[in-house]
Amino acid sequence: MPQIFSDLITFGTTCSSGIWNLDTSNISANQSVSPWKPARPPDAIGIVFDIMRYCVHDGPGIRTAVFLKGCPLHCSWCHNPEGQSNGIELSFREDRCVRCGDCFDLCPNGAVVKEGDRYRPARETCMVCGTCVDSCYAEARELVGREMSVGEVMNEILKDLAFFDQSGGGVTFTGGEPLFQIEFVDALLRACKRHGIHTAVETSGFCNWATLERISAATDLFLYDIKIMDDEAHRRFTGVGNGQILDNLARLSLSGNDVVVRMPVLPGINDHEANLRAILEFLTKRTSVQDIHLLPFHRIGKDKSTRLGHQSTMPDLPVPEAEHLNAISTLFKQGGLRAMIGG
Ligand code: SF4
Ligand code: SF4
């Protein structure tokens, strides 16, 4: 585990809103003998950058999606670049800035640069203290990511318990790569199961097998990304090879886990016939996966990267046409998979 990330996780600290307090007030007599005990004192702290309620695309029913920071991949087309870094970041929207200068006057770290009548963050000295965010009435500045305990996240999740029950929904942990914060997500999954909540984990699969195995019992559904079958191309576009990802997918599905494969459709990168047929062959011959969801490329990640001060690597791709998506879907269906467009 990278040092910077291990620094984000704390154990054995006091947590007044911890899951023990939360769980013991809600569990029934049956649940008190639930197998879903925390693996260790459940006061794990994680970095969350969003919690979206009433989602309908990331698993069955109405869901709450919990977005966790940190990802070992750097996909050039990433639509959630705020999930790549594992730290809290400052987002600045210049289009909202009214050039009042309050951030320049108030920043305790001299991390606002004045250029004429414009003000921009000096990211190399910014300590993400949030002082400028609180003072910016134009809401041009925002901190992306915040520390939350398992108990705090569960309090948000439990608000929608009735919707989960009525719709067959639940919680989806996504990001970023949720398994990058394995202690935190493991504690959250166990807490969800103690409340009888359906759980899904969206993952790149780029981790060791023990990580997947650890959470598999408490994960009802894996949403597993497959992008490019050629290892060299995968490395070029995501920063990592795909050997471990494919091995993990085969092992995960053949171990009896419910797995849906999700494939971003990236025109000119992974939508050519050789890649599509290689995916089909792999899924039908080496896994027990039956479902593949096609996620059309879109560009919303680019603006987010700009606001975060990231160097955007977003390729200049067209949004795939419906006809093209249908043709890909048909190819997979003819190969014996259940294919659908969208998540
Ligand atoms: S406080 Fe907000 S609106 Fe004012 S200059 Fe700074 S970013 Fe712009
Ligand atoms: S987050 Fe804090 S350090 Fe960074 S620019 Fe704003 S006030 Fe300055």
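Guide: A crossing of two helices is called right-handed if the near helix is turned clockwise from the far one by less than a right angle, and left-handed if it is turned anticlockwise. The model is predicted.

Helix α5, residues 150-157, packs against α7 at an angle of about 45 degrees, and their axes are 10 Å apart. That angle makes α5 oblique to α7. The crossing of α5 and α7 is right-handed. On the α5 side the contact is formed by Val-150, Val-153, Met-154 and Ile-157, which meet Phe-184, Ala-187, Leu-188, Ala-191 and Cys-192 of α7. By class, this contact consists of 9 nonpolar residues, with no polar and no charged ones.

The other partner is helix α8. Helix α7, residues 182-194, and helix α8, residues 209-216, pack at an angle of about 20 degrees with their axes 10 Å apart. Because angles under 35 degrees count as roughly parallel, α7 is roughly parallel to α8. The crossing of α7 and α8 is right-handed. Here α7 contributes Ile-182, Val-185, Asp-186 and Leu-189, while α8 contributes Thr-211, Arg-214 and Ile-215. The residues of this contact divide into 4 nonpolar, 1 polar and 2 charged.

An open sheet of 9 strands runs in the order β7-β1-β2-β8-β9-β10-β11-β12-β13, with mixed pairing. Strands β7 (146-149) and β13 (338-341) stand at its edges with a single partner strand each, so one side of each has no neighbour in the sheet. On average, and with direction ignored, neighbouring strands of the sheet are turned by 30 degrees against each other. Within the sheet, β10 (residues 221-225) and β11 (residues 259-265) pair in the parallel sense over 4 bridges. Asp-225 has Arg-262 in β11 as its bridge partner.

The ligand surroundings complete the description. Ligand 1 is surrounded by 13 residues, the closest being Cys-97, Cys-100, Cys-103, Cys-136 and Ala-138. Its shell comprises 8 nonpolar, 2 polar and 3 charged residues. Around ligand 2 there are 13 residues, of which Cys-107, Cys-126, Cys-129, Thr-131 and Cys-132 come nearest. The shell of ligand 2 has 10 nonpolar and 3 polar residues, and no charged ones.

Key: Residues are numbered from 1 along each chain as its sequence is written. Chains are lettered from A and ligands numbered from 1 in the order in which they are written. This is a predicted model: local features need pLDDT of at least 70, side-chain atom pairs count only at pLDDT 80 or more; totals for chains, interfaces and linings use all residues. A residue is near a molecule or strand if its C-beta atom, placed from the backbone, lies within 6 Å of it. Ala, Val, Leu, Ile, Met, Phe, Trp, Tyr, Cys and Pro count as nonpolar, Asp, Glu, Lys and Arg as charged, and the others, Gly among them, as polar. Axes are lines fitted to C-alpha atoms, for helices over the stretch in contact, and angles run from 0 to 180 degrees between N-to-C directions. Helices (H or I, at least four residues) and strands (E, at least two) are DSSP runs, numbered from the N terminus. Angles under 35 degrees count as roughly parallel, over 145 as roughly antiparallel, 65 to 115 as roughly perpendicular and the rest as oblique. Two residues are in contact if their C-beta atoms, placed from the backbone, lie within 7 Å. Two strands pair if DSSP finds at least two bridges between them.
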